[in-house]
Amino acid sequence: MPARVVVGSQWGDEGKGRVVDLLAADADVVVRYQGGNNAGHTVWIGEQKFAVHLIPMGVLRGKPCLLGAGMVIDLDVLLEEESELGSRGVPVRGNIRISENAHLILQYHKLIEAAEEERRGERAIGTTRRGIGPAYEDKAARRGIRMGDLRDSDALAEKVDTVVTYKNLLLKNVYKSPTVDPDKIYNDLRVLHDHFGEMVCDTSLIVQEALDKGQRVLFEGAHGTMLDIDWGTYPYVTSSNPLSGEVAAGAGVSPKALDQITGVTKAYTTRVGAGPFPTEMAEEIAASMRDAGGEFGSTTGRARRIGWFDAMVVKKSVRLNGIDSLAITHLDVLGRFDEIPVCVGYRCGGEEVSDFPNQIEELARCEPVYETLPGWRADTSQVKRFGDLPENARAYVRRIEELVGAPVSHVLVGRQRGQDIVL
Ligand code: GDP
Ligand code: IMO
Ligand code: MG
């Protein structure tokens with residue numbers, strides 16, 4: 001399979017990092033195509049935890065990694081990530097290339113986002129406050145600064161000046177917040193360009209060259225389908241399209257080149273930040289799962305909200321992403337229950353709902369319909385073959401396949417590299 005996509009099928013944090021790390025062993029290039037450092041992808045190797053936010057997970061396998069055009073990049077964070085990984089023996093510099101078309105996240109994006117979240121008060125999105133939304137706003141408004149803009153210092157000075165004049169008007173007059181210094185932004189960018197400049201190029205050409213040579217390209221999705229700006233629980237979503245359809249635009253590759261779409265799904269559901277969550281469970285049950293499942297945001301450290309598996313969500317993801325196979329993660333975490341509720345559908349006013357609603361107001365009127373499956377009360381974290389899982393655990397996986405209409409290709413039973421079952 002020369003071109004494979006890994007996408008999150010729920011609200012993010014499904015374990016994409018683990019799945020990409022697993023599949024990257026056989027990849028020649030790994031590519032992020034959207035989002036920024038709102039993502040946090042984690043894998044444990046022995047006692048060491050590696051969490052990446054911007055650099056594709058393939059970096060741990062020493063693979064060439066591309067940061068695609070659809071991304072928004074905070075170069076200070078990238079610098080930190082490079083030095084943190086480097087200090088732990090992971091070579092970064094020779095292995096990453098950054099799209100010249102990717103947009104930059106700058107200081108004013110973070111200030112505006114914080115002010116906007118405060119202004120929303122109770123309606124706050126609960127964003128990661130990394131400046132993601134405001135950076136994508138500027139991209140759409142055609143006033144963004146891109147990686148390629150750093151090459152021409154005179155043109156850059158003019159662009160920074162124009163945009164900062166506008167942002168300072170907003171910060172001062174609308175948000176009553178401190179303003180930013182255009183000279184500092186410009187000078188910092190020049191220094192960052194000295195460091196990163198040689199890594200910046202048209203990354204779409206590298207993808208094409210790899211595909212032309214018959215090499216294997218792995219596209220690493222960030223966030224999840226329910227956080228997609230068009231298809232998620234709007235407005236409680238991120239500002240990009242995590243969907244597999246975005247790979248083409250965000251990485252700069254023909255959609256015809258994509259062969260295999262793998263959807264990552266937790267054996268239950270989590271979400272971090274505000275917004276609807278039909279199968280959210282009582283906090284006392286959630287608390288019993290949080291440590292075992294690593295259910296604290298990799299980016300912000302916030303405790304994740306936890307709910308039962310919601311087939312309505314994943315069924316919609318299978319359809320929208322064209323998911324060929326599912327990687328089910330965190331099956332081990334469910335080994336503590338006698339019985340496990342699974343949401344098999346929704347009812348609204350006594351009527352069955354056929355598809356996960358697009359409007360959150362409609363979603364709020366839906367009642368999840370649960371089926372209760374028997375638990376297995378066993379430690380599965382060392383299981384290596386599907387056939388060696390307890391019978392009820394296998395039945396749970398098979399029921400998910402049936403409910404969402406996609407076959408399972410991988411089952412993950414722990415946070416460590418190697419705690420996985422390939423079907
Ligand atoms: P991502 O954003 O989709 O890459 O997921 P995160 O890395 O943000 O969150 C997944 C969390 O679950 C991390 O703390 C991982 O260490 C942990 N994790 C991943 N897969 C498994 C699994 O199969 N079982 C358990 N117990 N933990 C896992
Ligand atoms: P990974 O790739 C979980 C959520 C935020 C918030 C909403 C908008 O690790 O799965 P943003 O900062 O993007 O404007 O916040 O989206 N969110 C994520 N939740 N995992 C992520 O990424 C997320 N990226 C954004 O919590 O609710
Ligand atoms: Mg994450």
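Modeller: Let's start with burial: a residue is buried under 20% relative accessible area, exposed over 50% and partly exposed in between, using a 1.4 Å probe and the protein chains only. Phe356 comes out at 1% relative accessibility, so Phe356 counts as buried. Before we go on: this is a predicted model, where local features need pLDDT of at least 70 and side-chain atom pairs count only at pLDDT 80 or more, while totals for chains, interfaces and linings use all residues. Residues are numbered from 1 along each chain as its sequence is written, chains are lettered from A and ligands numbered from 1 in the order written, and side-chain values use heavy atoms, without hydrogens and water.

Colleague: How many aromatic pairs does the structure hold?

Modeller: Rings of Phe, Tyr and Trp (its six-membered ring) pair if their centres lie within 6.5 Å; planes under 30 degrees apart are stacked, over 60 edge-to-face, and the rest tilted. There are 5 such pairs here. One of them joins Trp11 to Phe277: it is tilted, with 5.4 Å between centres and 50 degrees between planes. Helices (H or I, at least four residues) and strands (E, at least two) are DSSP runs numbered from the N terminus. Trp11 sits in the loop between β1 (3-8) and α1 (16-24) and Phe277 in the loop between β12 (269-271) and α9 (283-290), so the pair ties together parts 266 residues apart in sequence.

Colleague: Are Trp11 and Phe277 buried or exposed?

Modeller: Both are buried; Trp11 counts as buried because its relative accessibility is 2%.

Modeller: Trp11 also pairs edge-to-face with Phe356, at 6.5 Å centre to centre and 70 degrees between the planes. Phe356 is in the loop between β17 (351-353) and α11 (360-364), 345 residues from Trp11. Ring pairs link Trp11, Phe277, Tyr346 and Phe356 into a cluster.

Colleague: Which charged residue sits over the ring of Phe50?

Modeller: Look for NZ of Lys or CZ of Arg within 6 Å of the ring centre and within 35 degrees of the ring normal. At Phe50 that's Arg88, with its charged end 4.1 Å from the ring centre. Arg415 does likewise over the face of Trp44, 3.5 Å from the ring centre.

Colleague: What are the protein donors of the magnesium ion?

Modeller: Donors are N, O and S atoms within 2.8 Å of the metal (3.2 Å for Na, K and Ca), and water isn't among the atoms, so sites may look incomplete. For ligand 3, the magnesium ion, they are OD of Asp13 and O of Gly40, 2.0 to 2.2 Å away. Asp13 belongs to the loop between β1 and α1, and Gly40 to the loop between β2 (29-32) and β3 (41-45), 27 residues apart. Gly40 has 11% relative accessibility, so it counts as buried.

Colleague: Which residues come nearest to ligand 1?

Modeller: A residue is near if one of its heavy atoms lies within 4 Å. Of the 23 residues around ligand 1, Lys16, Gly17, Thr42, Ser298 and Asp332 come nearest. A polar side-chain atom of His330 is 2.8 Å from an oxygen of ligand 1, and a backbone N or O of Ala292 is 3.0 Å from a ligand 1 nitrogen.

Methods:
Polar contact = N/O pair within 3.5 Å; in protein donor to acceptor, adjacent residues only side chain to side chain.
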